[in-house]
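Trainee: I've just opened this one and I'm new to it. Can you walk me through it?

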Amino acid sequence: MRYQEWPLASNMGDDISSAVDASSVQWVLVVKKQDVKTVKTVLEDRCLLNRSRKITPFWTSSNNNDECCLISTTFVEWESFTGDMEHHLKELGIEDLVVDAHILTTKDPRETEFTTPLRRAVQTWITSLPKGTITDEQAMALPQELRSGYSIYLPMLLLPPSTFTTPAWSALLPTLSIDQCAALYRTIANIMSLTHVAINAPIPPSTLDSPNTLRSPVNLVPLHGDFGPPSPIASPTQTDLDAAFWVSARQNGISQTWAPRHTMFSRGNIKEKARILALPSVREAAGYTAVDLYSGIGYFAFSYMRAGMSTVVGFEMNPWSVEGCRRGAEMNGWTVEVHEERDNIKENVQGKQMILFQMDNKHAEVVVGQLSQKIPAVRHVNCGLLPTSKASWGTALSLVDEELGGWAHLHENIKIEKIDTRARHVLSICQAVLDVQRDHQGGQTTMLELEHVERVKTYAPGIMHCVLNIYIPPNPRRS
Ligand SMILES: C[S@@+](CC[C@H](N)C(=O)[O-])C[C@H]1O[C@@H](n2cnc3c(N)ncnc32)[C@H](O)[C@@H]1O
């Protein structure tokens, strides 16, 4: 991807070239037609899409005559990143989807100083302060220091962890009264037409006394609005679930919902979700079953469902996520059934589109075995746990229908320079496991195929979140 300064009125559509006259800087992204929806959704999700400019078709010889479109971003959301666009696109997980990016230069960038809703809100709050509370320098610096990477998960504004840690903010906040702080957060919520504001925090790998297997967002800091009691509530009652604060997001046209105090949400997986939706092996398996061994709130499970699978079976230990998945399935119009016991599977699972098991996926083989007469054959198994899903690889291989064969999708964090070696190593581990399984079944073994390694997103410096697509051929004894 290359980027350069514009205006390039010569090869731009009217819509975009007129932006040069506007008193703002904007980024314009050139995106292949088939990727427009994904990029648009990512930008929307981060409030980076400039809705006032239509997405316009764009052809040049440099695009290899591929049909492309121009997507215009909001100026102010991007201004802190204009020096390092490639890095920012990587952070958004869309670097491979953006063919080219251009800056539309501004006449006077100061004119747009307060034009993000967040900055406008802070500006409003500043003007409401009694004279002398802050200096003119502070009044200038406070809005400017607000970075853009916030998310809106309706009806909540989720600010990045670094918000309010910059020099002007960290000097001011300790001097404010509780009421003044509350007024700041309330003004932000009101101006942005939201009801809740929180500051995000990385999900800790462990809590005080145990590993954080459920990925509970225990460090989230609510600033405004009633978020309900904090995590952990390990075994929530229906009253707990109903009393909690729930938010939602829509990605690739699919709704998801979760209680932000109790369940993580990873926005960066949107690219992998979009890939599943279009994956030929998934499309070919329409009408069959997919199993998601770490189904969470439906992150990937929903994409299998939307892509045409007849049934999706999910395993998830976090009851808050199971409830989010159940609610989300209903929001998308799918029938759903939740089971907490591995025996006594209810008769009414037959015909249900999503069947969720609130339990450790180590029971999946037994449970799916019991379901086998009630659901179509299993063709896809998703193992979506980071930093590694290896605890479930054996289960995944055993779940795929022996007669028809199928695919396992193994998520793994891998050092970038070791991706190929590690992928081959994972394949050899899986082959050894399959050999033993087939031996027990009295069948011949078959050679697994590593169909593809998807680089989903940079997880940490030098570490890539990868998905290994492994094809499991039919068992010759059975086919
Ligand atoms: C990383 S999270 C969400 C996964 C989702 N696929 C993603 O990457 O966004 C992993 C989920 O797996 C669940 N989990 C972890 N170990 C599990 C197990 N052994 N059985 C079932 N669920 C498990 C956690 O509760 C958590 O919701």
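Mentor: Let's start with the whole chain and then go to particular spots.

Mentor: This is a predicted model, where local features need pLDDT of at least 70, side-chain atom pairs count only at pLDDT 80 or more, and totals for chains, interfaces and linings use all residues. Residues are numbered from 1 along each chain as its sequence is written, and side-chain values use heavy atoms, with hydrogens and water left out.

Trainee: What about the surface? Which atoms supply it?

Mentor: The protein chain exposes about 21,200 Å², and carbon and sulfur atoms supply 51% of that. Areas come from the Shrake-Rupley method with a 1.4 Å probe; for residues, only the protein chains shown count as cover.

Trainee: OK, inside now. What's in the largest nonpolar core?

Mentor: The largest nonpolar core has 38 residues, and Val291, Leu293, Phe315, Phe357, Val381 and Leu410 have the most contacts inside it. Such a core is a set of buried Ala, Val, Leu, Ile, Met, Phe, Trp, Tyr and Cys residues joined through side-chain atoms within 4.5 Å.

Trainee: Which element gives the most to this core?

Mentor: H16 does, with six residues. Helix H16 (419-440) is one of several elements that each supply at least two residues, including strand E13 (311-315), strand E16 (378-383) and strand E17 (406-415).

Trainee: You mentioned Phe315. What does Phe315 touch?

Mentor: Leaving out residues up to four places away in sequence, Phe315 touches Val291, Leu293, Phe357, Asp360, Asn361 and Val368, among others. Touching here is contact, meaning heavy atoms within 4.5 Å.

Mentor: There is also a second, separate core of 35 residues, which includes Ala249, Ile276, Phe302 and Ala307.

Trainee: Switching topic: which residues come nearest to the ligand?

Mentor: Asn269, Glu316, Asp360, Asn361 and Gly384 come nearest, out of 18 residues around the ligand. A residue counts as near if one of its heavy atoms lies within 4 Å.

Trainee: How much of the ligand does the protein bury?

Mentor: Taken alone, the ligand exposes 580 Å², and the protein buries 94% of that.

Trainee: New topic. What's going on with H2?

Mentor: Helix H2 is mostly covered, with seven of its ten residues buried. Thr38 lies in H2, which spans residues 36-45, and Thr38 counts as buried because its relative accessibility is 11%. Setting aside neighbours within four places in sequence, Thr38 is in contact with Leu97 and Ala274. After H2 comes Cys47, with a positive phi near 60°.

Trainee: Where else is phi positive?

Mentor: Phe164 has a phi near 65°, a positive value in a residue other than glycine, and Phe164 is in the loop between E7 and helix H7 (167-172). Asn252 has a positive phi too, about 50°, in the loop between strand E10 (247-251) and strand E11 (254-258). Asn252 counts as buried because its relative accessible area is 9%.

Trainee: Last one: which peptide bonds are cis?

Mentor: The bond from Leu154 to Pro155 is cis, with omega near 0°, and the bond from Leu386 to Pro387 is cis, with omega near 5°. Pro155 is in the loop between strand E6 (151-153) and strand E7 (156-159), while Pro387 is in the loop between E16 and H15.

Key
Buried < 20%, exposed > 50% of the residue type's maximum accessible area, 1.4 Å probe, protein only. Helix = DSSP H or I, 4+ residues; strand = E, 2+ residues; numbered from the N terminus.
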